Amino acid sequence: MSGVMKRMGMIFRAKANKALDRAEDPRETLDYSYQKQLELLQKVRRGVADVATSRKRLELQLNQLQGQSTKLEDQGRKALALGREDLAREALSRRASLQQQVTDLESQHQTLQGEEEKLTLAAQRLQAKVDAFRTKKETIKATYTAAQAQTRIGEAFSGISEEMGDVGLAIQRAEDKTAQLQARAGAIDELLASGALDDQSGMAKDDIAAELDRISGGTDVELELQRMKAELAGGSSSSQQAIEGGNGKQEAAPQQSTPKFDKQ
């Protein structure tokens, strides 16, 4: 059971990795990485600004303590000049205490100044790396876009792209359906002409009726042609009578044969 679950997990991870790889756009990944680097650079710059602010605050405190120390020194000299040795001793004692604070602040100031220099150098180096990455990023994006466009154009010309493949399949299906309908129409016409299929509308004719109609149509054409010739010859009336008389003679032929037998 554990082997089956392990295999299922491997299959799921493989499919998920393939799906992610298909959905991933290198240009978006590069832009995201560049954005993260900018955020890191901004944090370093804020760190440099914080250290510089602390250093400046220590400098203000140092200036204030040094001013107090100078003031106490002047007070001690005046007290000693006036014969107040006790006041001079008190002033010098306070000055010594301030001097210790000044020494401690100067030590912290040097430490902060060193940290500020390190962070400033790190920020400059990181800025150079970010600028180089941005240049490389834009170059890769441009190359990727050009390669993608070239690939799409090649696929369009070769007809192997997904869109062109769908168009080709649609054309093939349309041609197949057209050929099928043409074959079916031809088969139905042949079956109707041979009489194998009955026309339910009653408009179709069998082969005998069709042949009679053709002969009748040919006779009418011949008669019309003779009439037109007679009209052109100037005897349209007599020609028409002759044509009509000819038809009467053909119908009365059996009656003329009887008198001939009587004369004999």
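Biologist: Which side chains does the 2.5 Å polar contact join?

Modeller: The side chains of K137 and E138. A polar contact is a pair of N or O atoms within 3.5 Å; within protein, one must be able to donate a hydrogen and the other to accept it, and residues adjacent in sequence count only if both atoms are side-chain atoms.

Biologist: What kind of model is this?

Modeller: This is a predicted model, where local features need pLDDT of at least 70 and side-chain atom pairs count only at pLDDT 80 or more, while totals for chains, interfaces and linings use all residues. Residues are numbered from 1 along each chain as its sequence is written, and side-chain values use heavy atoms, with hydrogens and water left out.

Biologist: Back to K137. Buried or exposed?

Modeller: Buried, at 4% relative accessibility. Buried means under 20% relative accessible area, exposed over 50%, and partly exposed in between (1.4 Å probe, protein chains only).

Biologist: What does K137 touch?

Modeller: L30, D31 and Y34, leaving out residues up to four places away in sequence. Contact means heavy atoms within 4.5 Å. K137 itself is in helix 3.

Biologist: And Y34, is that buried or exposed?

Modeller: Y34 is buried, with a relative accessible area of 14%.

Biologist: How many aromatic pairs turn up in the whole structure?

Modeller: The search finds 1. Y34 and F133 form that pair, and the rings are stacked. The centres are 6.5 Å apart, with 15° between the planes. Rings of Phe, Tyr and Trp (its six-membered ring) pair if their centres lie within 6.5 Å; planes under 30 degrees apart count as stacked, over 60 as edge-to-face and the rest as tilted.

Biologist: Which parts does the pair tie together?

Modeller: Y34 lies in helix 2 and F133 in helix 3, so the pair links parts that are 99 residues apart in sequence.

Biologist: Zooming out. What's the secondary structure count?

Modeller: The protein chain has 6 helices and 0 strands. Helices (H or I, at least four residues) and strands (E, at least two) are DSSP runs, numbered from the N terminus.

Biologist: What share of the residues is buried?

Modeller: Buried residues are 12% of the 264 in the protein chain. The chain exposes about 21,200 Å², and carbon and sulfur atoms supply 56% of that area. Accessible areas come from the Shrake-Rupley method with a 1.4 Å probe; for residues, only the protein chains shown count as cover.

Biologist: Which residues make up the largest nonpolar core?

Modeller: There are 7: L58, L62, L65, L72, L98, V102 and L105. Helix 2 (26-81) and helix 3 are the elements that give two or more residues to this core. The largest share, 4 residues, comes from helix 2. A nonpolar core is a set of buried Ala, Val, Leu, Ile, Met, Phe, Trp, Tyr and Cys residues joined through side-chain atoms within 4.5 Å.

Biologist: What does V102 contact, its neighbours within four places aside?

Modeller: V102 is in contact with L62, L65 and Q66. There is also a second, separate core of 6 residues; L41, V44, L126 and V130 are among them.

Biologist: What about H109, buried or exposed?

Modeller: H109 is buried, at 13% relative accessible area. H109 touches R55, L58, E59 and L62, again setting aside residues up to four places away.

Biologist: Where does the T151 side chain reach?

Modeller: The backbone oxygen of A147, at 2.7 Å. T151 is in helix 3 (residues 85-158) and counts as partly exposed, at 44% relative accessibility.

Biologist: Last topic, confidence. What's the average pLDDT?

Modeller: The protein chain averages 76, and 67% of the residues score at least 70. pLDDT is the predictor's confidence in each residue, from 0 to 100.
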